Amino acid sequence: MTGVCVNQFPTAAGKVENSPYERLAALGITLPPPPPPIANFVTHVIEGNMLYLSGQGPREADGFLHAGKVGAGISVEGAYGHARLTGINLLAVMQNALGDLSRVKRVVKLLGMVNAVPDFEDHPSVINGCSDLLIAVFGPAGEHARSAVGFGSLPGNITVEIEAIVALHG
């Protein structure tokens, strides 16, 4: 991407999308209100130029939570969609915390947790749903380090939970 600012990147049609909001609009995504915490914690903490996002799950705007075990009734493709939805919820929390997604300098790290049957082996493909979204929204600044791991259960039997660490512009 020679000559393209880290905050700009060309679409498949060659048009340069300049902001995370333009990219969200091009993806047909409207951010929902940020989901409320489900226990005794806050959704985010800002410390210096770092934003730490608590784990979010696949909650629809109407409050419906996708639940079940990946590999037993929930396909990799379905769970990928749940991870993408979780990414949208992470973006909603970012928007609420920062007031402007353009303050994001870089998505640094994701921890993706998959509620899966014991012999499930494709955790990275599931969490790609969130990773692909963040890269689509932030371009190269959305590329991140990541862990994708399996769990025997997650709160409310949700299919995925993802937390993030984000660097902010000064």
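**Notebook: a helix pair and a pocket**

Entry 1. I looked up which residues bring helices α2 and α3 together. On the α2 side I noted Val76, Ala79, Tyr80, Ala83, Arg84, Gly87, Ile88, Leu90, Leu91 and Met94; these meet Ser125, Val126, Ile127, Asn128, Gly129, Cys130, Asp132, Leu133, Leu134, Val137 and Phe138 in α3. Sorted by class, this contact of α2 with α3 holds 15 nonpolar, 4 polar and 2 charged residues. I record here that the model is predicted.

Entry 2. I then looked up the geometry of the pair. Two packed helices are described by the angle between their axes and the distance between those axes. Helix α2 covers residues 76-98 and helix α3 covers residues 123-138; they pack at an angle of about 40°, and their axes are 7 Å apart. Because of that angle, α2 is oblique to α3. I also noted the hand of the crossing: α2 passes α3 in a right-handed one.

Entry 3. Last, I turned to the largest pocket. I found its volume to be about 220 Å³. Which of its 15 lining residues are closest to its centre? They are Ile38, Gly55, Gln56, Gly57 and Ile158. By class, the lining of the largest pocket comprises 8 nonpolar, 5 polar and 2 charged residues.

Key. Residues numbered from 1 in each chain as written. Predicted model: local features only at pLDDT ≥ 70, side-chain atom pairs only at ≥ 80, totals over all residues. Heavy atoms only, no water. Axes fitted to C-alpha atoms, helices over the stretch in contact; angles between N-to-C directions. Helix = DSSP H or I, 4+ residues; strand = E, 2+ residues; numbered from the N terminus. Parallel < 35°, antiparallel > 145°, perpendicular 65-115°, else oblique. Left-handed = near helix turned anticlockwise from the far one by under 90°. Contact = heavy atoms within 4.5 Å. Nonpolar A, V, L, I, M, F, W, Y, C, P; charged D, E, K, R; others polar. 1 Å grid on protein atoms, 1.4 Å probe; cavity = no way out; pocket = protein on both sides within 12 Å on 5 of 7 lines; lining within 4 Å. Points joined across faces, edges and corners; volume = space filled by probe spheres on them.
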